[in-house]
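Student: Let us go through this model by question and answer.
Tutor: Good. Here it is.

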Amino acid sequence: MIRIVIADDEELIRGALVALLSLEADIEVVADVADGEAAVAAAVAHRPDLTLLDLEMPGLDGVDAARRLLRLVPTRVVIVTRHARPGTLKRALSAGVHGFVPKSTPASELARIIRSVAAGERYIDARLAASALTEQESPLTARETDVLRLTRDGLPTKEIARQLGLAHGTARNHISSAMTKLDVDSRTAAATIAWEQGWI
């Protein structure tokens with residue numbers, strides 16, 4: 001029996017995943033939750049064989065949740081996403097994710113992927129893999145990426161600085177540098193471009 005935790009903030013999608021995967025004789029959904037923090041807590045509590053994470057969730061997104069829970073629990077992680085951008089695939093792989101699939105994947109195919117990943121294989125959607133090979137690398141530093149990720153969450157610069165343990169002026173400098181590299185005149189535009197490219 002493959003024990004899994006499912007995390008998706010869209011209740012309808014999460015409910016459908018739970019219902020469809022529960023029909024599989026060898027898959028047991030031990031918990032379903034609505035955000036990244038809850039996914040980490042559920043993985044720690046249930047120690048599932050596999051954790052299925054939506055990419056875009058409030059608080060911790062799927063990649064950040066995967067990075068955190070993989071430090072705590074020996075589980076396999078598959079990310080499902082509606083916005084499958086190649087840069088996001090690179091982030092997911094660097095976080096140690098074992099599978100990356102679009103939400104358009106049929107339920108029977110997803111069950112097959114879950115079995116394969118639980119058995120130790122890695123699964124990456126072929127179209128995403130092909131796109132990732134031709135995508136340009138992010139010009140952003142790790143800190144610029146951090147500030148743009150928090151900018152996209154709607155935080156003001158002072159709060160970004162506080163969360164990252166930076167001086168306010170340093171956070172502003174990182175934002176300004178990112179804006180220059182991406183050739184835009186606002187931090188929200190820079191965050192939007194970075195998100196669309198899958199860099200944050």
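**Packing, burial and backbone**

Student: At what angle do helix α1 and helix α5 pack?
Tutor: Take helix α1 as residues 11-22 and helix α5 as residues 107-118. Helices (H or I, at least four residues) and strands (E, at least two) are DSSP runs, numbered from the N terminus. Axes are lines fitted to C-alpha atoms, for helices over the stretch in contact, and angles run from 0 to 180 degrees between N-to-C directions. The axes of α1 and α5 lie 10 Å apart, and the packing angle is about 70°.

Student: Are α1 and α5 roughly parallel or roughly perpendicular?
Tutor: Under 35 degrees counts as roughly parallel, over 145 as roughly antiparallel, 65 to 115 as roughly perpendicular and the rest as oblique. The angle here is about 70°. The pair is therefore roughly perpendicular.

Student: How many nonpolar residues has the contact of α1 with α5?
Tutor: Leu17, Leu20 and Leu21 of α1 meet Ala107, Leu110, Ala111 and Ile114 of α5. Contact means heavy atoms within 4.5 Å. Ala, Val, Leu, Ile, Met, Phe, Trp, Tyr, Cys and Pro count as nonpolar, Asp, Glu, Lys and Arg as charged, and the others, Gly among them, as polar. The contact has no polar and no charged residues; its nonpolar residues number seven.

Student: What is the average pLDDT of the protein?
Tutor: This is a predicted model with residues numbered from 1 along each chain as its sequence is written; local features need pLDDT of at least 70, side-chain atom pairs count only at pLDDT 80 or more, and totals for chains, interfaces and linings use all residues. Side-chain values use heavy atoms, with hydrogens and water left out. pLDDT is the predictor's confidence in each residue, from 0 to 100. At least 70 is scored by 95% of the residues, and the average is 90.

Student: Which element has the lowest mean pLDDT?
Tutor: The highest mean, 98, belongs to strand β1 (residues 2-7). The lowest, 71, belongs to residues 126-134, helix α6.

Student: What radius of gyration does the protein have?
Tutor: The radius of gyration is taken over C-alpha atoms; the globule rule is 2.2 Å times the number of residues to the power 0.38. For 200 residues a compact globule would come near 16 Å. The value for the protein agrees with that: 18 Å.

Student: How do α8 and helix α9 lie to each other, roughly parallel or roughly perpendicular?
Tutor: Their axes are 8 Å apart, and the angle is about 105°. That makes the two helices roughly perpendicular.

Student: Which residues in α9 meet α8?
Tutor: The contact divides into three nonpolar, two polar and two charged residues. From α8 come Thr157, Lys158 and Ala161. From α9 come His168, Ala171, Arg172 and Ile175.

Student: Is Thr157 buried or exposed?
Tutor: Thr157 lies in helix α8, residues 157-164. Buried means under 20% relative accessible area, exposed over 50%, partly exposed in between (1.4 Å probe, protein chains only). Thr157 has 15% relative accessibility, so it counts as buried.

Student: What is the relative accessible area of Leu148?
Tutor: Leu148 sits in helix α7. Beyond four places in sequence, it touches Leu140, Ala178, Leu182, Arg187, Ala190, Ala191, Ala194 and Ile200. Leu148 is buried, and its relative accessible area is 0%.

Student: Where is the place of Pro48?
Tutor: Pro48 is buried at 2% relative accessible area. Its contacts, leaving out residues up to four places away, include Arg3, Ile4, Val5 and Val30. Its place is the loop between α2 (36-46) and β3 (50-54).

Student: What is the phi of Arg47?
Tutor: Most residues other than glycine have a negative phi. Arg47 is in the loop between α2 and β3, and is partly exposed at 46% relative accessible area. Its phi is positive although it is not a glycine: about 45°.

Student: At what relative accessibility does Asp183 count as exposed or buried?
Tutor: Asp183 is in the loop between α9 and α10 (187-196). Its phi is positive too, near 55°. Asp183 counts as exposed, at a relative accessibility of 70%.
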